Amino acid sequence: MPQPSVITPFRRMDGEPVFDDAWQAEVLAMAQVLIDTGVITAADWADGLGASLREVQVDDESDTVQNYYLAALTALERLLVSSGISAQDMDAQKQAWVAAYKATPHGEPVKLKS
Amino acid sequence: MSKPSYDPKNIKKIHAHLHSHLPSDPALRVKALETLLVNKGMVNPSNMDKWVEAYSEDVGPKRGAQVIARAWTDPAFRAQLMSDASAAVDAMGFSGPASGHLQAVENTDSLHNVVVCTLCSCYPFALLGMAPNWYKTAAYRSRVVREPRAVLAEFGVDLPADVAVKVWDSTAELRYIVIPQRPAHTEGLSVDELAKLVTRNAMIGTDRDLKAGA
């Protein structure tokens, strides 16, 4: 393959790790499990992700991998509202995790209060 | 001259770090979703783990490369791959989520194929592993349709004017794999050796001329 003298953005991204953070892999894994088990359809997921991407990837600067995964997370949250998980449930659960982290000394496993 | 090892500023910084282990906002949102889904019995955590594992390097593009190498060496398999790619891949034991409704498209001396998902990032990851980062960018998703030759040039593919380009737009229901042309002077190579010459990008279409000594 000819090696262009300029490393274009596409070529630079070619060798990058696909995930910067574990949560990014978890979002895609969660979506896939929900498709496999029929909670959501592959088409709904593609449509939801597409809509969410159009909202965040609006220009060159916002066309980032981090924004791709944030869009995936937002799309999944929105799809799950129709499966009976409300935004309030999600926020309350998030706050429960925040409280659990704050209450746990460093180095110990973080557990939710039952 | 060595500096004193005790630095109050540094100690303060380390101390802050020890207690600042709160995950990022998206990481917390993901944890919250997972907890809710597990509690409602909608997600089995071990299935999640399997997927996270599948998304790692294990799957990679190696399966796809095996499929291509076999198509290069086994005309009956190639015919099956072209007529019913899902069944052909299934027969190799590579079926899996996102390989259903697969279509193979072949490059020739006068045609080059390139794959995109203009809507989001549909991709045959059971065969190719995780989509590369550029595949998910709006830049690739929109530009490869409008100006495929320019995009290919940015990947280092200098397409002669007499080679036509066909862009295939993936959907949740139909995904594509490109069968690149077999490199010259590879007659004596085994299927495994041939598979090593197949790049992931060649199976997406952002690479074209594979080399025998790659």
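How many helices and how many strands does the secondary structure of chain A come to? And within chain A, which residues of α5(A) are buried, and what do these buried residues pack against?

A: This is a predicted model, in which local features need a pLDDT of at least 70 and side-chain atom pairs count only at pLDDT 80 or more, while totals for chains, interfaces and linings use all residues. Residues are numbered from 1 along each chain as its sequence is written, chains are lettered from A and ligands numbered from 1 in the order in which they are written, and side-chain values use heavy atoms, with hydrogens and water left out.

The secondary structure of chain A comes to five helices and zero strands, so that the order of elements from the N terminus on reads α-α-α-α-α. Here helices (DSSP runs of H or I, at least four residues) and strands (runs of E, at least two) are numbered from the N terminus. Of the 114 residues of chain A, 43% count as buried, where buried means under 20% relative accessible area, exposed means over 50%, and partly exposed lies in between, with a 1.4 Å probe and protein chains only.

Now to helix α5 of chain A, which covers residues 87-103. Its 17 residues reach 24 Å from the first C-alpha to the last, close to the 24 Å expected at 1.5 Å a residue; the expected span is 1.5 Å times one less than the number of residues. The buried residues of this helix are A:M90, A:Q93, A:K94, A:W97, A:V98, A:A100 and A:Y101. They cover an arc of only 165° around the axis, which puts them on the same side of α5(A), the arc being that of the directions from the helix axis to the C-beta atoms. On the other side of α5(A), by contrast, A:Q88, A:K102 and A:A103 are exposed.

What lies against the buried residues belongs to both chains, for they pack against α4 (65-81) of chain A together with α2 (25-39) of chain B. In α4 of chain A we find A:Y68, which is buried, with a relative accessible area of 3%. Leaving aside neighbours within four places in sequence, A:Y68 is in contact (heavy atoms within 4.5 Å) with A:L49, A:L53, A:Q57, B:S121 and B:K136.

One buried residue of α5(A), A:K94, also takes part in a salt bridge, since its side chain meets that of B:D25 at 2.5 Å, N to O; a salt bridge is a side-chain nitrogen of Lys or Arg within 4 Å of a carboxyl oxygen of Asp or Glu. A:K94 and B:D25 are linked with A:E77 and B:R29 in a network of salt bridges.

The area buried between chain B and chain A is about 5100 Å², of which carbon and sulfur atoms give 69%. In chain B, it is B:R29, B:L33 and B:N133 that lose the most area to chain A, together 13% of what that side buries. Buried area is the accessible area (1.4 Å probe) that two parts lose on being put together, summed over both.

Across this interface the rule finds three salt bridges.

Another salt bridge joins the side chains of A:D14 and B:R200 at 2.8 Å, N to O. A:D14 lies in helix α1 (residues 9-14) of chain A and B:R200 in helix α11 of chain B, so the pair joins two chains. At 25% relative accessibility, A:D14 counts as partly exposed.

Within chain A, the side chains of A:E55 and A:R78 meet in a salt bridge at 3.0 Å, N to O. Since A:E55 lies in helix α3 (residues 42-56) and A:R78 in helix α4, the pair ties together parts that are 23 residues apart in sequence. A:E55 is partly exposed, with a relative accessible area of 47%, and A:R78 is partly exposed at 44%.
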